[in-house]
Amino acid sequence: MSTLRTTERPAAGGRFRFGDSLAGYGFLAPWLVGFFLLTLGPAIASFYLSLTDYSGLGAANWVGAENYVRIATDDPRFWTAMNVTFTFVLLSVPLKLIFALAVAVALNRGLAGLSFFRAIFYLPSLVGGSVAVAVLWRQVFAGDGLLNQALNALFGFEGPSWISNPSTSLYTLVLLAVWQFGSSMIIFLAGLRQIPQDMYEAASIDGASKARQFLKITLPLLTPVIFFNAVILTIDAFKAFTSAFVISDGTGGPIDSTLFYTLYLYQEAFTNFRFGYASALAWVLVLIIAFFTAMSFLTARFWVHYDD
Amino acid sequence: MTDAALSTTTIAPRTDTGEPSVSPWKRALLYALLLAVSFLMLYPLLWMVASSFKPDSEIFTSTGLVPADLTVDAYRRGWSGLSIGFGWMFFNSLVISLLVVIGNLFSCSMAAYAFTRLRFKGRGFWFTLMLGTLMMPQHAVLIPQYVMFLKLGWVNSILPLVVPKFLAIDAFFIFLMVQFFRGIPRELDEAAIMDGCGPLRIFLKVILPLSTPVLATAAVFSFIWTWDDFFAPLIYLNDIEKYTAQLGLRTFVDSTGTSDWGSLFAMSTLTVLPVFILFILFQRLLIEGIATTGMKR
């Protein structure tokens, strides 16, 4: 490592900066190796595999666009997975944003015990992706689970098994996602603190009501944070896997009602060993996520308000 | 702003139309509401812990938090419920998580140092690529990575879970450290250069010692995310002796079905416990880490 030592050299502007490519690339070496071997190389390879019938064993036979054609025209489970995933994304992301923002605004009123509430609301985000919580969810929404016991005790209502009923199972997963609004809430809280207090004072001198202040000051000034949270939550929702896997025993059931895209991808790749086809599925997911991200950035200039 | 908002409630409102920023009644209502919501949110977790100390018959008849009959029987059953004891799986999880922490701290701090402090040709180009990988879903590289590790004979070992972390694959932590390193005054580097320090000594003696907050944040997040990770162990570990606690728990669900919720809850509680302890100890770091980077999990 002693070869990394460099001599200093005056840069333009008269200050001393050392610029030595050897040191720079020396420190960057682990990342560079990782980038080429674990990111760029595999990304190219996975596109190539998506054009083959590779199964993990034997040769990868070139099939051209066949995998993609089959995805689009001859794979009902793909469309089921799309349907489930989009329903999940379109329900969980807005609900999470609304809860996170509402709680953040409530907590930002100068209440004592802010850090206590913040910690409690954040805890589900920290543990929510674990197998343990998925196990818990299975029990809570089972036919004889906690929710139905409570419903029965409170209202005498005999609830169905929410998990094993295909028309409700997905919503238990949406609820599990919304339950984890805490990390977005923390980002909102940080954003709310950036808003200068005197703007509210000026507005209330002008006679603006609280609701008007929220709509005309808080919301516009918070749009960069809303935008950021929305993008991150959307990408994350498309990638959701563990809870659906554990709750449905890896099947995506009942009757494919919780067949998240990632779960279908997993089944094709690692239970059916259709590496070629799964690679094509993976690229479709990457393109969907890229499309959503690009769309958010493109529409951002119409609604996201940045300081000059 | 908390303080600012607090102080506005103690001084009289300055408008005739507006109300004080929060009136006492509204404040009480807000507290009640927040308490109710947080209690409701935590209830399933509390109930899980409570139920792990209940006899099995009580789990399906009691929605309360206090076990009528406190017993650790479920823990005893669960701990030896699989052919390999849960203790061994906790050990596996611990080894993998600690190695990932070391790998991330080592490789990501080096990359962040290169990006923020060293001037070299192509730096901007690589930095842009690094930011690009932040957005890229892992699915794009999943299958070829798996095939590569298969050909290397690494599948069914911890190597695919650990080695990539020594190659700075978690760009998020590079980003986190870049943000922090940028805040360290350059004058310190320049003083060290005057003293004849090279980049390596500056990294070790100036940057790293000043970066304990961000290193701690990265370490805690690395540990928790690896501890909780399910997907990578699921595809890379086959033998039950190599299972992590998460994988063991999932296998346990399969083997007991829904017949023994007590021991399932007991083992679930144990797998969440390390995360919970870290949360209590490093709450501020975690929350500030989330707030400053705007990253969520």
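## Helix H13 of chain A

In this predicted model, the buried residues of H13 in chain A pack against H1, helix H2 (66-73), helix H10 (210-238) and H12 of chain A, together with H7 of chain B. Those buried residues are Phe275(A), Gly276(A), Tyr277(A), Ala278(A), Ser279(A), Ala280(A), Leu281(A), Ala282(A), Trp283(A), Val284(A), Leu285(A) and Val286(A). The length of the helix can also be checked: at 1.5 Å a residue, the 29 residues of H13(A) should span 42 Å, and the end C-alpha atoms are 41 Å apart, which agrees.

One of these partners can be followed in detail, namely helix H1 (residues 21-49) of chain A, which packs with H13 (residues 275-303) of chain A at an angle of about 115°, the two axes being 7 Å apart. The crossing in which H1(A) passes H13(A) is left-handed. On the side of H1(A), Ser46(A), Phe47(A) and Leu49(A) take part, and they meet Phe275(A), Gly276(A), Ser279(A), Ala282(A) and Trp283(A) in H13(A). Sorted by class, the residues in this contact of H1(A) with H13(A) are five nonpolar and three polar, with no charged residues.

Phe273(A) lies in the loop between helix H12 (261-271) and H13 of chain A. Its phi is near 50°, which is a positive value in a residue other than glycine. Most residues other than glycine have a negative phi.

## Other helices and the domains of chain A

The crossing of H3(A) and H7(A) is right-handed. From H3(A), the residues Val84(A), Thr87(A), Phe88(A), Leu91(A), Ser92(A), Leu95(A), Lys96(A) and Phe99(A) meet Leu170(A), Leu173(A), Val174(A), Ala177(A) and Val178(A) of H7(A). The contact of H3(A) with H7(A) has 10 nonpolar residues, two polar residues and one charged residue.

Arg193(A) is found in helix H8 (residues 182-193) of chain A, and this residue is partly exposed, with 13 other C-beta atoms within 10 Å. Although Arg193(A) and Gly128(A) are 65 residues apart in sequence, their separation in space is 27 Å from C-alpha to C-alpha. Seen as a whole, chain A is divided into domain 1 (2-49) and domain 2 (70-303), and the centres of these two domains, taken over C-alpha atoms, are separated by 37 Å.

## Chain B

Chain B has 15 helices and zero strands, and buried residues make up 40% of its 297 residues. Among the contacts in chain B between residues at least 6 apart in sequence, 71% join residues that are at least 24 apart. Helix H14 (residues 245-256) of chain B has 12 residues and reaches 16 Å from its first C-alpha to its last, close to the 16 Å expected at 1.5 Å a residue. Within H14(B), the buried residues are Ala245(B), Gln246(B), Leu247(B), Gly248(B), Leu249(B), Arg250(B), Phe252(B) and Val253(B).

Ile59(B) has its place in helix H3 (residues 56-59) of chain B, and it counts as buried because it has 26 C-beta neighbours inside 10 Å. Leaving aside residues up to four places away in sequence, Ile59(B) touches Ser51(B), Lys54(B), Trp261(B) and Gly262(B). The C-alpha atoms of Ile59(B) and Asp260(B), which are 201 residues apart along the chain, are separated by 10.0 Å. Asn156(B), by contrast, lies in the loop between helix H7 (139-151) and helix H8 (159-162) of chain B, and its phi is near 70°, a positive value in a residue other than glycine. With 14 C-beta neighbours inside 10 Å, Asn156(B) counts as partly exposed.

## Where the chains meet

The contact between the chains takes 80 residues from chain B and 90 residues from chain A. On the side of chain B that touches chain A, helix H15 (residues 261-293) of chain B gives the most, with 11 residues. The residues of this side of chain B divide into 52 nonpolar, 18 polar and 10 charged.

How values were computed: Residues numbered from 1 in each chain as written. Chains lettered and ligands numbered in written order. Predicted model: local features only at pLDDT ≥ 70, side-chain atom pairs only at ≥ 80, totals over all residues. Axes fitted to C-alpha atoms, helices over the stretch in contact; angles between N-to-C directions. Helix = DSSP H or I, 4+ residues; strand = E, 2+ residues; numbered from the N terminus. Left-handed = near helix turned anticlockwise from the far one by under 90°. Contact = placed C-beta atoms within 7 Å. Nonpolar A, V, L, I, M, F, W, Y, C, P; charged D, E, K, R; others polar. Domains from an automatic or database assignment. Buried ≥ 20, exposed ≤ 12 C-beta atoms within 10 Å, placed from the backbone. Expected span 1.5 Å × (residues − 1).
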